[in-house]
Amino acid sequence: MENKRRAFIKYLSVGSVGVGVASYSNLLAKTQPSQDETKDKKPHFGMIFDQNKCVGCTDCERACKKVNLVPKDQMRLYVQDKTDPQKRMEKRYVRVSCQQCVDAPCVKVCPTKACHKDENGITTMNTDDCIACKYCIVACPYDVRFINEETKSAESCNFCADTNLKDGHEPACVEACKYEALVFGDLNDENSYISKMLNVKDSLRMRPECGTNPSLRYIPVVKLGV
Amino acid sequence: MNSAINYTYTFSHGVEWGWPIAVYLLLAGMSGGALIVSILIRHYKKQEASTPLFKAASLLAFVTIMLGMVCLVGDLDKPLYFWKILINYNFNSVMSIGVLALCIYIPLSFVMVLYAFEDEILELLSKRFTFLKGLFVTVMQILNKIRPLVNALCIAFAVIVCAYTGFLISVLVRFPLLNTAVLPALFVASGLSAGIAGSSLLAALCFKEDHHSNDLKTLHKIEWPVMAVEIMLLGMIFVSLIIGSDAQKAASAAFCGGAWSGLFWVGVVGIGFCLPIVLNFLLGKKVASSNLAFYVSSFASVIGVLLLRIFIVYAGQTYDIFI
Ligand code: SF4
Ligand code: SF4
Ligand code: SF4
């Protein structure tokens with residue numbers, strides 16, 4: 001009850017943004033508190049990639065490599081140019097990286113628990129326990145894991161859990177993005193910027209049919225052709 | 001809207017699980033299959049002595065599963081860390097469950113070898129390592145008392161080992177060809193097929209079993225229904241692909257027109273299914289009962305199952321949901 005009322009007040013405060021968008025977000029707001037309650041307000045980190053703002057500068061890629069010591073010709077994060085060859089003027093970029101699934105197949109299949117969820121619910125790695133069986137790599141429906149050439153262990157984006165985040169910073173890619181195309185924060189905190197964003201914007205999860213419940217959201221460019 | 005957001009660049013480039021895994025899948029299936037049929041035949045015919053077939057099957061089962069372990073561990077990028085899998089169990093992982101099953105299955109298959117070669121080992125021990133003889137006799141006394149239990153456990157774990165190799169790869173949602181419910185059943189059936197062919201081959205070659213002996217005739221009889229089941233399961237996979245989603249339709253190229261379809265038709269169907277059928281049914285009684293037909297068709301069956309595993313592993317990982 002309490003939650004519903006809060007959701008309602010929040011709804012009123014942001015409601016002026018647009019009835020269509022807000023009613024959609026209200027749907028989300030109604031389904032999410034049940035998750036919050038069971039998790040007892042533990043953080044659930046998520047990220048938004050806004051296609052409307054990304055210009056494809058790849059600063060995020062470079063920052064990631066530097067902070068997380070990713071070997072030279074490997075990457076945890078890649079910005080793919082998905083511009084339609086028919087419409088060269090409408091640039092579109094997509095972030096390729098771990099989707100931080102809530103129901104993560106990589107965690108489920110790892111026989112040594114090297115790939116696991118940390119105390120913040122982030123999918124991350126314990127490099128020493130990995131035997132490099134590559135099961136997590138083939139199990140990930142997003143194909144974003146790889147064996148690090150130097151550590152010989154599997155890895156993928158972990159929101160800089162053991163680097164920037166541990167030191168109280170935002171993930172390297174978010175810090176590096178000059179265009180605010182990336183938003184990072186706690187989805188369980190109603191007052192976080194990311195929660196507010198998701199309340200007012202339509203966002204997509206990648207491949208929902210895989211049933212992995214990703215924490216990475218995409219805001220697509222929608223051209224109505226005016 | 002989705003097509004602009006769905007990326008197609010990915011981080012694993014190509015096939016992550018290669019031929020060592022395919023060979024392991026063959027060896028594990030063959031090992032389990034050999035034990036299942038040989039124990040069932042003994043039970044069914046109420047045999048007491050160690051028949052050539054039982055000797056061949058138990059030896060084959062133990063040797064193949066050990067070679068399989070070599071392939072499995074050798075395929076890890078950090079093989080020296082293999083023991084981590086034994087102390088950090090994850091009961092959600094098919095691989096952990098499989099390793100646990102193997103930890104029970106491998107000793108069981110070794111006990112089968114002891115049963116099969118009890119007399120031979122005893123003879124060897126009385127000649128050479130006489131100090132071990134007493135120990136061996138005591139151990140065998142205990143083992144022989146619990147033989148029915150060991151047999152039952154052995155069949156159960158042999159089925160688990162065959163099936164888990166299928167579940168291992170059928171949980172991979174990214175690959176439409178692999179992510180089907182019938183794959184574990186296909187792996188049990190083709191494991192049986194390889195086990196039957198492999199153990200009759202070994203029985204004839206090493207243990208001088210006559211090709212027309214009673215046991216081999218029985219094996220020969222069950223060979224064909226098993227093959228029919230295999231063909232049916234492959235057909236089910238194919239149908240589920242062509243009537244499925246776009247990604248599934250694209251993956252049906254594995255069977256028709258794609259890079260791996262040649263391997264399927266020539267290797268799996270031609271060598272694995274057609275060659276034995278032609279030799280045994282279409283060329284008349286004389287050819288069918290010849291030595292040549294026996295060896296060639298058994299050998300072709302084993303090769304066919306190997307090629308099926310290679311096909312599943314490689315074609316399976318070639319067609320993913322990124323289209
Ligand atoms: S996107 Fe892949 S690597 Fe990331 S949590 Fe999901 S399954 Fe694991
Ligand atoms: S490669 Fe490493 S992290 Fe991935 S499943 Fe195997 S042991 Fe786990
Ligand atoms: S830094 Fe920002 S704008 Fe540049 S490619 Fe990365 S997400 Fe896009």
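Student: Before we start, which conventions apply here?
Tutor: This is a predicted model, in which local features need pLDDT of at least 70 and side-chain atom pairs count only at pLDDT 80 or more, while totals for chains, interfaces and linings use all residues. Residues are numbered from 1 along each chain as its sequence is written, chains are lettered from A and ligands numbered from 1 in the order in which they are written, and side-chain values use heavy atoms, with hydrogens and water left out.

Student: How much space lies in the largest pocket?
Tutor: The largest pocket holds about 470 Å³. A pocket is an open set of points on a 1 Å grid over the protein atoms alone, with protein on both sides within 12 Å along at least five of seven lines; a cavity is a set of points where a 1.4 Å probe fits but cannot get out, and lining residues have an atom within 4 Å of a point. Grid points are joined across faces, edges and corners, and a volume is the space filled by probe spheres set on the points.

Student: Which residues are closest to its centre?
Tutor: Of the 21 lining residues, His212(B), His220(B), Asn280(B), Ala288(B) and Ser289(B) are the closest to the centre of the largest pocket. Two or more lining residues come from each of α9 (183-206), α10 (214-242), α12 (261-282), α13 (284-288) and α14 (291-318) of chain B. Helices (H or I, at least four residues) and strands (E, at least two) are DSSP runs, numbered from the N terminus.

Student: Which of these gives the most, and how does the lining divide by class?
Tutor: The most comes from α10(B), with 7 residues. By class, the lining has 7 nonpolar, 10 polar and 4 charged residues. Ala, Val, Leu, Ile, Met, Phe, Trp, Tyr, Cys and Pro count as nonpolar, Asp, Glu, Lys and Arg as charged, and the others, Gly among them, as polar.

Student: What about the second largest pocket?
Tutor: The second largest pocket holds about 300 Å³. Its lining includes Arg42(B), His43(B), Arg147(B) and Pro148(B). Both α2 (19-45) and α8 (147-170) of chain B give two or more residues to this lining, and α8(B) gives the most, with 5. The classes are 5 nonpolar, 3 polar and 4 charged.

Student: Changing topic: which residues are closest to ligand 1?
Tutor: Among 14 residues around ligand 1, the closest are Cys98(A), Gln99(A), Cys101(A), Cys106(A) and Cys140(A). A residue is near a molecule or strand if one of its heavy atoms lies within 4 Å of it. The shell around ligand 1 has 9 nonpolar, 4 polar and 1 charged residues.

Student: And which come nearest to ligand 2?
Tutor: Ligand 2 has 14 residues around it, of which Cys110(A), Cys130(A), Cys133(A), Lys134(A) and Cys136(A) come nearest. That shell divides into 11 nonpolar, 1 polar and 2 charged.

Student: What surrounds ligand 3?
Tutor: The residues surrounding ligand 3 include Cys54(A), Cys57(A), Cys60(A) and Cys177(A). Its shell has 9 nonpolar, 2 polar and 1 charged residues.

Student: In what order do the strands of the open sheet in chain A run?
Tutor: The 3 strands of chain A follow the order β8-β1-β9, with mixed pairing. Two strands pair if DSSP finds at least two bridges between them. The edge strands are β8 (182-186) and β9 (216-219) of chain A, each pairing on one side only.

Student: In which sense do β1 and β9 of chain A pair?
Tutor: Strand β1 (residues 45-50) of chain A pairs with β9(A) in the parallel sense over 4 bridges. Within this sheet, Ile48(A) stands opposite Arg217(A) in β9(A).
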